[in-house]
Amino acid sequence: WVQNDTPLLTSVELWKEFYQAKSHDQELKDALGRNILKEIDDGATLKFGWSPTVFCVHPFLKERKDLGLHTDVITESLFRLQEEGVINNSKKTIDKGRSIATQAHGTKETYEFLDRNPAVEFHPTSYVDDPQVMAKIDNLIAIVGALKIDLTGQVATDSIAHKFYGGVWSDEDSIRGSRFSKGGKSIVALPSISLHGRSNIVFSLPPGTGVAITRADAEYIVTEYGIAYIYGKSIRERCLALINIAHPDFRLELLEDAKKYQYISQSQPGFFYQSKYPTECEQFHRTSQGRDVFTRPIKPADEDILRTFFHKLSDHSVYLRYFRMMKSMPQRILQKTTDLDYSKDMTLVVLYPAQGQKQELVALGQWIHDPKDGIPEIAFQVRDDWQGQGLGKFLFLRLVEMTALYGIQTFKSDVLDGNKAMKSVFEKSGIPFDKRTDFGVVTYKFNLSS
C-alpha cells in the first residue's frame, strides 16, 4: 500500500458532461419515481442498476422504512437515505445491518460518511452481482433503467441500433437474482418518451440493438404513465399492457402495428389509448370480514382474469347480471368491458390478494354511457364466494363518489326484480332515486346532483 492524500473526485468532477446534459423535466421524473415506489414495500432490499433513470425513485424512498441495500454503486442520495435511517439493513437475511456495494461516488460528505463506516461494506462484483448471493436475500427488488423496450418485452439497456450508451452491465444478473430471491421482483424503468421526442416503447427494437434483458425475464415495466406486469404473459397481453403505459402520442401507432402483424386481435377497439389511465382511482379496501383487497380501473390486458371471473360465477349469478343464460363470455363483451375510454366510462375491478401478481378478480362495478340517451348505466357483480362482505355496496358508493370527477349528474340501472341483493344496495344507499317496473325488470334512475 502507498499512502495518497489526493482528494477523491466528486460525482460532478467525474461526470461533468452528464450533469450539464439535458434531462427530462422534473414532473416526468417524479411521476416515474412514484410509480416505481408502488412496487417497493417496507423492509425490502434494493439493488439499483447503473442507469441514472432509476435515481428518480430515491427522493420518494423516505415514505418507506427498514430498507436494505445490496447494489453496485452508492450515490449521494443513497448515502443520505442511510444517514437518515431509511436504509438501515435491519431486515436483510444476509449481511444484516450493512449496506453492500462495489463502489461509490458523491460529494465530500459522502466519502466522509463511508470512511471506515462499519455499516457499509465494499465487495467485488463477483459477490455483489452473483445471482446465487442475491438468492439468499429475501424480498430483493432489482431496479434497472432501460433505453427501449419492444411490445414483446425485449429490453435494451446499453445500446440502440449500433450505438452504445454503456458497457455490458450487471442488469441481467440483477433481474435473475431477484427472481431467485424469496419475495423478490425486478423492475425495468424508463420514460415513455426520449429526449428527442421518440417513443421508448416500440413495436420492434431497431436492427443492431442489443437485447440486455430477454422477454422471458422481464417482469415489471414502469413508465410515468403506469406499471405493466408482463412476466409469463402472452404476446397479446404484453402488447396491450405496454401500449397502456406508452406515451399517448404513440399509442395508436403501436396499436395499429400490433394489429397489422397479428400480435393482437383485429377487433381490439383501442378506446384506452385515447385517455390517460386514472391512477387516482386506485384504492385499497377492507371487506366486512377483514379481507384486504385492491380496487383499480380495469385494463385492456385484464381479459383473461375477467374470463376466469365469469367461469367462477354460478348460473344464477350470470342470469341476474346478463338477463339470460351464458356458458361463456363472448370476446366482444370482454373487449367492451376491458377496453375503455377512461375519460367517460369506467369499470372498477376488485382484486384479491391486495398485492402481488397472483391476484383473482372477485368483483367488479362499472358505468357505461348509453348511446341512446347519453346517461351512464351502472352495474356491478360479486363472485358467489365473496358475496355478503359488503363489496356490492362499496363498489356502488365508490362509483358514485367518482362521478364528481366526471361531472355525472344521473345514473341509471336495469335490475331483474328477483335480484334482491342489488335492489337492496341501491335502495339503502341513501342516494335519491326514481324507479319503475316493466315485465319483471326494475329501472332505477339516480339523482346525483343532490
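Colleague: Let me begin with a cysteine: is C239 buried or exposed?

Modeller: Bear in mind that this is a predicted model. In it, C239 counts as buried because its relative accessibility is 0%, and the cut-off for buried is under 20%.

Colleague: And what about C56, buried or exposed?

Modeller: C56 has a relative accessibility of 11%, so C56 counts as buried too.

Colleague: How many disulfides does the count come to?

Modeller: The count comes to zero disulfides.

Colleague: Okay, on to the nonpolar core: which residues touch the most other members of the largest one?

Modeller: The largest nonpolar core has 61 residues, and those touching the most other members are L151, I221, L242, F396 and F426. Helix α14, residues 391-406, gives the most to this core, contributing seven residues. There is also a second, separate core of 31 residues, and L78, L81, L114 and A189 are among its members.

Colleague: Staying with L242, what is it in contact with, leaving aside neighbours within four places in sequence?

Modeller: With those neighbours left aside, L242 is in contact with I149, D150, L151, G153, I201, I221, A228 and I230.

Colleague: Changing topic to the aromatics, how many pairs are there?

Modeller: The count comes to 18 aromatic pairs. In one of them, W367 and Y406, the ring centres are 5.1 Å apart and the planes are at 85°, so the pair is edge-to-face. W367 belongs to strand β19, residues 360-369, whereas Y406 belongs to helix α14, so the pair ties together parts that are 39 residues apart in sequence.

Colleague: Is Y406 buried, partly exposed or exposed?

Modeller: Y406 counts as partly exposed, at 22% relative accessibility, while W367 is buried with a relative accessible area of 0%.

Colleague: What about F426 and F446, how are those two rings arranged?

Modeller: The centres of the F426 and F446 rings are 5.0 Å apart with the planes at 70°, so this pair is edge-to-face. F426 lies in helix α15, residues 420-427, and F446 in strand β23, residues 441-447, so parts that are 20 residues apart in sequence are tied together by the pair. F426 counts as buried at 0% relative accessibility, and F446 is buried with a relative accessible area of 1%.

Colleague: Which residues do ring pairs link into a cluster?

Modeller: The cluster linked by ring pairs consists of F380, F396, F426, F433, Y444 and F446.

Colleague: While we are on β23, in what sense does it pair with β22?

Modeller: Strand β22, residues 433-438, pairs with β23 in the antiparallel sense over six bridges, and R436 stands opposite T443 in β23. The hairpin of β22 and β23 has two residues between the strands, and F439 takes a positive phi near 50° in that hairpin.

Colleague: Now the arginines: which ring face does R179 lie over?

Modeller: R179 lies over the face of Y231, at 3.6 Å from the ring centre. R251, in turn, lies over the face of Y225, at 5.4 Å from the ring centre.

Colleague: Last one, which residues of helix α8 are buried, and what covers them?

Modeller: In helix α8, residues 171-180, the buried residues are D171, E172, S174, I175, G177 and S178. The elements covering the buried residues of α8 include β1 (45-48), α7 (131-134), β7 (140-145) and β12 (185-189).

Conventions:
Residues numbered from 1 in each chain as written. Predicted model: local features only at pLDDT ≥ 70, side-chain atom pairs only at ≥ 80, totals over all residues. Heavy atoms only, no water. Core = buried A, V, L, I, M, F, W, Y, C linked by side-chain atoms within 4.5 Å. Buried < 20%, exposed > 50% of the residue type's maximum accessible area, 1.4 Å probe, protein only. Helix = DSSP H or I, 4+ residues; strand = E, 2+ residues; numbered from the N terminus. Contact = heavy atoms within 4.5 Å. Phe/Tyr/Trp six-rings, centres within 6.5 Å; stacked < 30°, edge-to-face > 60°. Lys NZ or Arg CZ within 6 Å of the ring centre and 35° of its normal. Disulfide = S-S within 2.5 Å. Pairing = 2+ DSSP bridges.
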